[in-house]
Structures are given as C-alpha cells and as structure tokens.
Amino acid sequence: MASAPTPPPLLPVTNPAPGSSPATAGGSDAPIAQPAFRLFLSRVSDSARRSLSDRRPWGELLDRSAFSKPDSVSDATSRLRRNLAYFRVNYAAVVAFALGASLLAHPFSLLILLGLLAAWCFLYLFRASDQPVVLFGRAFSDRETLLGLVGASFVLLFFTSVASLIISGLLVGGSLVAAHGAFRMPEDLFLDEPNAAAGNSAAQGLLSFLGAPGSGV
C-alpha cells in the first residue's frame, strides 16, 4: 500500500502592522523623506553659519582710535566702500539688529508679520503640490492661492504699520552703517583677493537657502 505524500513544510508568515508600508514591514532600510520645512530650516542654519564664519571681531569694528573725520566726500565714499567690503557681515548684523528692535518695539505688527510669513510657508512654499488649499468647502488652485497671498500681503503690509516699521528699521541700520563706514579709517584693514573671493561666496551662501527645498541645490 503506497504511503500518502508528505505535505510541504509551512513557512512562517508575518502580517504587517496596520498603517505600515510594505517596505517597512519587509525590513527595508529605505530612508524616510525629510519634510520640506525641516530641510528649509537646515538650509537657513547652514547658510547663516557659513556667513557668520567671516565675521570680523567687534573690538576691531569699534576701535575708537581708528575714527577720524573724512577730508572730503570722495574720501568718505572711499572709506565706506572699503569698510563695506571688510565688515560686510558685521554691518549685516547691525542692520538686522535695528530691524529686529523696530519690530520688537511694536508686538502687534510683529505678530502680523509672523502670521503672514507662516501663511506663505504653510499655504504655498511647503505645501505638497497634490494637496490643494480647501476653505469653506472650496478647493483653490495654486494660482488662486498665490494671488490670495499676494493680495493679503499687500493689504497687511501697506495698510498697517508693518511696512513703515520695516522701512524705518532698515533706514536706521543703513544710517549707522554709512556713518561708521565714512568715519572709520580703513588704513589698518587688509583685504586680499582670497578673502574678497571668500566674502563674495559667503554673501551668496547667505541666500542659498532660498532655493527650492526639493531641488538639492
């Protein structure tokens, strides 16, 4: 009498957890996509760190023995040009401080500006292209969203005190930079070609975070 055929051995089967992707359940080490906003913040931090590496010592900037009255307007212009090339990062920090102080003195305008920036970030810049903005049961296209944000920005900037505060802060910071650059003697400052080239690359790197987060630039 022939014996019954032996059944094949059963292989263990692992059921994936609910909500997990097949790649994760299979033990794959595929990297998780980094959110665009986190990548943007990383770019801002890296750009600021590279730019601040060229900052001159503040003691050198505020050396009282190096100040004198310029002989003429052309002399003041020449001083300002050389000091701008040498103290560019420090001057940018001075302008940023003046702008920040102007906004901090008016908290309501600062809240309006932060809310406007948040709206641009989350409704347009870092929103997935396949997720339209839906308000009151209506989906808005990218063009309609952009036009709405531009209109809201125009109203909030020019019909409130936000624009005037920004302009006044920039004017105060620019005036401080111009006065310092005109009265600070640059004879003890040495800016060779390699440092000038590095400064130009640092200035470009300061705005490098403006590239698209997913472009890899």
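## Annotated spans

Let's start with residues 146-179, a span that is 91% helix and 0% strand, with its end C-alpha atoms 40 Å apart. Helices here are DSSP runs of H or I with at least four residues, strands are runs of E with at least two, and both are numbered from the N terminus. The model is predicted: local features need pLDDT of at least 70 and side-chain atom pairs count only at pLDDT 80 or more, while totals for chains, interfaces and linings use all residues. Residues are numbered from 1 along each chain as its sequence is written, and side-chain values use heavy atoms, leaving out hydrogens and water.

The unreviewed UniProt entry annotates residues 85-104, 110-126 and 146-179 as "transmembrane region"; such annotations may be inferred rather than shown by experiment. Residues 85-104 are 95% helix and 0% strand, and their end C-alpha atoms are 29 Å apart.

## Two salt bridges

A search of the whole structure finds two salt bridges (a side-chain nitrogen of Lys or Arg within 4 Å of a carboxyl oxygen of Asp or Glu). In one, R79 pairs with D75, with the closest N and O atoms 3.7 Å apart. Both residues sit in helix α4 (residues 73-86), four residues apart, about one turn of the helix. R79 is buried at 7% relative accessible area, whereas D75 is partly exposed at 22% (buried is under 20%, exposed over 50%, partly exposed in between, with a 1.4 Å probe and protein chains only).

In the other, E144 pairs with R138, and the closest N and O atoms are 3.2 Å apart. E144 is partly exposed at 34%, and R138 is partly exposed at 41%.

## A nonpolar patch

F154, V155, F158 and F159 make a nonpolar surface patch of about 470 Å². Patch residues have over 30% relative accessible area and no salt bridge, with nonpolar side chains (Val, Leu, Ile, Met, Phe, Trp, Tyr) joined within 5 Å and like charges within 9 Å; areas come from the Shrake-Rupley method with a 1.4 Å probe. V155 lies in helix α7 (residues 142-158) and is partly exposed, at 42% relative accessible area.
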